[in-house]
Amino acid sequence: MPYKNNDFFASVIDWLYQNYPLIYGAILAVLIAYVRLVYDGVDGRKKWIEAILCGALALAASSALDYFGLPQSLSPFIGGMIGFLGVEKLRAFSMAFFERRSKGNKE
């Protein structure tokens, strides 16, 4: 197959190699969230939806590590934490945080 060009596959592999901490963190969040929900006895689509949301949150949080001056190698740790805590707990934490911040600005 001398007429085939393998540049596409080389660029995909290069991109995966450069971004593997982000990808690994997101996949780890999905797996941990799914296993946690199976252990808790959650049925149906809820466990898949929450697991995917945990992966998306881990990917978003991992992308922000550079902004805070933290290394990308923390991505799996962040993903594991998000997967373990879950979407509901993170929502409760963030709502409490923003309520405290908004009350502090009013006084």
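Here is our conversation, one question at a time.

Colleague: Before we start, what kind of model is this, and which residues and atoms count?

Modeller: Residues are numbered from 1 along each chain as its sequence is written, and side-chain values use heavy atoms, with hydrogens and water left out. Local features need pLDDT of at least 70, side-chain atom pairs count only at pLDDT 80 or more, and totals for chains, interfaces and linings use all residues, since this is a predicted model.

Colleague: Thanks! How many helices and strands does the protein have, and in what order do the elements run?

Modeller: Helices (H or I, at least four residues) and strands (E, at least two) are DSSP runs, numbered from the N terminus. By that rule the protein has four helices and zero strands. From the N terminus on, the order is α-α-α-α.

Colleague: What share of the residues is buried?

Modeller: Buried means under 20% relative accessible area, exposed over 50%, and partly exposed in between (1.4 Å probe, protein chains only). The protein exposes about 8,200 Å², and carbon and sulfur atoms supply 67% of that area (Shrake-Rupley method, 1.4 Å probe; for residues, only the protein chains shown count as cover). Of the 107 residues, the buried share is 24%.

Colleague: Which residues form the nonpolar patch on the surface?

Modeller: Patches are made of residues with over 30% relative accessible area and no salt bridge; like charges are joined within 9 Å, and nonpolar side chains (Val, Leu, Ile, Met, Phe, Trp, Tyr) within 5 Å. L16, in helix α1 (residues 7-18), has a relative accessible area of 39%, so L16 is partly exposed. The patch has about 530 Å² of accessible area together, and its members are F8, F9, V12, W15 and L16.

Colleague: What geometry does the aromatic pair of F8 and F9 have?

Modeller: Rings of Phe, Tyr and Trp (its six-membered ring) pair if their centres lie within 6.5 Å; planes under 30 degrees apart count as stacked, over 60 as edge-to-face and the rest as tilted. The whole structure holds five aromatic pairs. In one of them, F8 and F9 are 5.5 Å apart centre to centre, with 70 degrees between the planes, which makes the pair edge-to-face.

Colleague: Are F8 and F9 buried or exposed?

Modeller: F8 has a relative accessible area of 55%. For F9 the value is 52%. Both values are over 50%, so F8 and F9 are exposed.

Colleague: Where in the chain do the partners E50 and R36 lie?

Modeller: A salt bridge is a side-chain nitrogen of Lys or Arg within 4 Å of a carboxyl oxygen of Asp or Glu, and the structure holds two. One of them joins the side chains of E50 and R36 at 3.0 Å, N to O. This pair links distant parts of the chain, 14 residues apart: E50 is in helix α3 (residues 45-63) and R36 in helix α2 (residues 20-40).

Colleague: How far apart along the helix are R91 and E88?

Modeller: R91 forms a salt bridge with E88, the closest N and O atoms being 3.6 Å apart. R91 is partly exposed at 45%, and E88 is partly exposed at 45%. Because R91 and E88 are three residues apart in helix α4, their separation is about one helical turn.

Colleague: Which residues does G79 touch, beyond those up to four places away in sequence?

Modeller: G79 lies in helix α4 and counts as buried because its relative accessibility is 0%. Contact means heavy atoms within 4.5 Å. Not counting residues up to four places away, G79 touches G25, A29 and A58.

Colleague: And which residues are in contact with V87, leaving aside neighbours within four places?

Modeller: V87 is also found in helix α4, and at 11% relative accessibility V87 counts as buried. Its contacts, with those neighbours set aside, are E50, L53, C54 and L57.
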